[in-house]
Amino acid sequence: MPPTAKRDRLAGLTLAALGVVYGDIGTSPLYAMKEVFAGAHHPVPITAFNVLGILSLVFWSLLLVVSLKYAAFIMRADNHGEGGIMALMALVQRSGESSERGRRLLFLGLFGAALFYGDGLITPAISVLSAVEGLEIATPLFKHWVVPLTLGILLGLFTMQKHGSGAVGAWFGPITGLWFLVLAALGVANILKTPSVLAALLPQHALGFILAQPKLAFLSLGAVVLVVTGAETLYADMGHFGRRPIRLAWLGLVLPALTLNYFGQGALLLADPAAIAHPFYHLAPSWALLPLVALATAATVIASQAVITGAFSITHQAIQLGYAPRMRVQHTSSHERGQIYLPGVNWALFLAVAALVLSFGSSANLAAAYGIAVTGTMIITTLLVHVVARRVWGWGPVRAALAVTGFLAVDLAFFTANLTKLGDGGWFPLAFAALLFLFMTTWKRGRELLKARRDRDALPLDAFAASLAQSEVPTVPGTAVFLTPHPEQAPHALLHSLKHYKCLHQRVVILCVRFLDRPFVPMKRRLQVEPVGDRFYRVQVEFGFMDRPDLTRTLHTCAGRGLPCGMEDTTFILGRETLIAKKASEMALWREMLFIALARNAGSPAAYFGLPPNRVVELGAQIVL
């Protein structure tokens, strides 16, 4: 690629990363400083000493957590270029840990993924609420309209998800870029009036604040952490943009703009402590207030869009890794395989977000719940990356410990400070994550038990094919495809078909689909065809956990491997089990009932794998767990 084309591509990716990666952390100035100095939980008195101490904590938190930990360290832990908690779990699974320790780490990663959903609920609620609350400054008449307007904006946001983010994604980068430029300009205008706040760039102000008032400094961390919300997104979206564009956007625009805005708010508070009611909006002159509210609302919608898209992606990955039942997945772009829409997840998120807005009522109340979700995920990411550093990168114990201990200490300080807010809303993300964790582990364990029941009554495929070769079973033209997770066994649906129809198709394909712990598998490497006897074929298809599982398109490549598989003469025969709970089982009865309920509401494999509806036949069977 010519140097000019490379520069253009880098510039395009960097601009796109602004809209997707930095929307969350970019809207924190709307509420972070207000929560520190006027929040309901241990507000810090507004004095020159305290303001400089908090600003120093904010600046060095951005440097240590975002710049050093995520941009420089965590983003090294990529799984074939992909990042995020699920990709990190896949790396840990391949790291060679013992089965028991590996299982504990796996559960830890699952809980981190569940906490991410909690973040996905709180981000749209707190971001949009904090933006709309700016209307109260224009006139008190808007006070009673803040919640209804917020719900209306959120309804519009979730309604547009079915159209995909591609249509509006081109606007995300420029709008977010404008947002950061406005943040910087507002900050500079106020810093020029009180330039003494720039002294807070020196770490001794943070250290002096901590040493002089250790209890207050510790409790203030519960609000200071709001300035780094969204840092996890740098890692989660690494596969979409790459390390360099994300780092370039952070160092070139996002970090300077955030620093200038926070310092501008600090300068404003030193000059006018009464501005703490809405320090962000008081940065602007009165004539710019309504345009600023409009721009802030657009920025929060973009931030929410990025988190919602992340929830779709992580759900899709959980389905393919076997931790969630199949759901309806719509691909909203024929060019970008990562653009997907899950209707069930979308509207469940909307109902939960709307309930949060109605229950908490303001961004200040929601801030208590926000910190625990963010810091909990950060701790889990740090622990898992330590395992990757030791087992995958080959770091020695001393080097790995030195690299991780400092980051973990910062994470734990933020997390424990937020534990003081458990009774004021901090319980919500923990309870929500625990519920999702229960669902995911129950589904995984239930599938394992179901496999064990199938294996107990299984008939080896090779022996079955050999026995049929000596029989005179009538043959009908065409191809029958039986989906099964166990390609070495004769599927139950095949046995039932033979029992009821007393015949076999000309070609019988035993098809097994597997999802690997890598993000993508090239089309030419997805398919393996193995003849078994005269008419049977064992076909194994492998997808990455971020691939679109389109079996129809994949099976067309069978023709080049000695197995003609035209859709016009192919029938897909699927088994549909009716599960029955049993008291004396390896899983508690209530968890069996939960698994059965999840299985009953799981999406159809035909729809999930993109099979032609008019070529699918389902045969039922009962299985006692």
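Lys 502 sits in the loop that links α21 to β4. This is a predicted model, and in it Lys 502 has a positive phi of about 60 degrees even though it is not a glycine. That stands out, because most residues other than glycine have a negative phi. Is Lys 502 buried or exposed? It's exposed, with a relative accessible area of 57%.

Two other loop residues are worth a look. Arg 526 is in the loop between β4 (504-516) and β5 (527-532). Its relative accessibility is 7%, so Arg 526 counts as buried, the cut-off being under 20%. What does Arg 526 touch, once its neighbours within four places in sequence are set aside? Its contacts are Val 521, Gln 540, Val 541, Glu 542, Phe 543, Asp 547, Arg 548 and Thr 554.

His 486, meanwhile, belongs to the loop between β3 (475-483) and α21. With a relative accessible area of 11%, His 486 is buried. Not counting residues up to four places away in sequence, His 486 touches Lys 451, Arg 454 and Asp 455.

Next comes helix α20, which covers residues 461-469. Buried residues in α20 are Leu 461, Phe 464, Ala 465 and Leu 468. They span an arc of only 95 degrees around the axis, which puts them on the same side of α20. What do the buried residues of α20 pack against? Their partners are α21 (492-501), β4, β5 and β6 (536-544).

Now for the helix pairs. Here is how their axes are arranged.

| Helix pair | Axis distance | Angle |
|---|---|---|
| α8 (146-159) and α16 (343-360) | within 10 Å | roughly 170 degrees |
| α4 (48-73) and α10 (203-212) | within 7 Å | roughly 120 degrees |
| α4 and α14 (243-271) | 10 Å | about 170 degrees |

Let's start with α8 and α16, whose axes cross at roughly 170 degrees. These helices are therefore roughly antiparallel to each other. On the α8 side, the contact is made by Val 147, Thr 150, Leu 151, Leu 154, Leu 155, Phe 158 and Thr 159. On the α16 side, the residues include Trp 347, Phe 350, Val 353 and Val 357. By class, this contact has 12 nonpolar, three polar and no charged residues.

With α14 it packs at an angle of about 170 degrees, so α4 and α14 are roughly antiparallel. Among the α4 residues that meet α14 are Val 51, Leu 55, Phe 59, Leu 62 and Val 66. From α14, the residues include Arg 247, Trp 250, Leu 258, Tyr 262 and Phe 263. The contact of α4 with α14 divides into 17 nonpolar residues, three polar and one charged.

How are α4 and α10 oriented to each other? They are oblique, and their crossing is left-handed. Phe 49, Leu 52, Ile 54 and Trp 60 are among the α4 residues in this contact, and α10 contributes residues including Pro 203, His 205, Phe 209 and Ile 210. Sorted by class, the contact of α4 with α10 has 10 nonpolar residues, five polar and no charged ones.

Note on methods:
Residues are numbered from 1 along each chain as its sequence is written. This is a predicted model: local features need pLDDT of at least 70, side-chain atom pairs count only at pLDDT 80 or more; totals for chains, interfaces and linings use all residues. Side-chain values use heavy atoms; hydrogens and water are left out. Helices (H or I, at least four residues) and strands (E, at least two) are DSSP runs, numbered from the N terminus. Buried means under 20% relative accessible area, exposed over 50%, partly exposed in between (1.4 Å probe, protein chains only). Contact means heavy atoms within 4.5 Å. Axes are lines fitted to C-alpha atoms, for helices over the stretch in contact, and angles run from 0 to 180 degrees between N-to-C directions. Angles under 35 degrees count as roughly parallel, over 145 as roughly antiparallel, 65 to 115 as roughly perpendicular and the rest as oblique. Ala, Val, Leu, Ile, Met, Phe, Trp, Tyr, Cys and Pro count as nonpolar, Asp, Glu, Lys and Arg as charged, and the others, Gly among them, as polar. A crossing is left-handed if the near helix is turned anticlockwise from the far one by less than a right angle, and right-handed if clockwise. The arc is that of the directions from the helix axis to the C-beta atoms.
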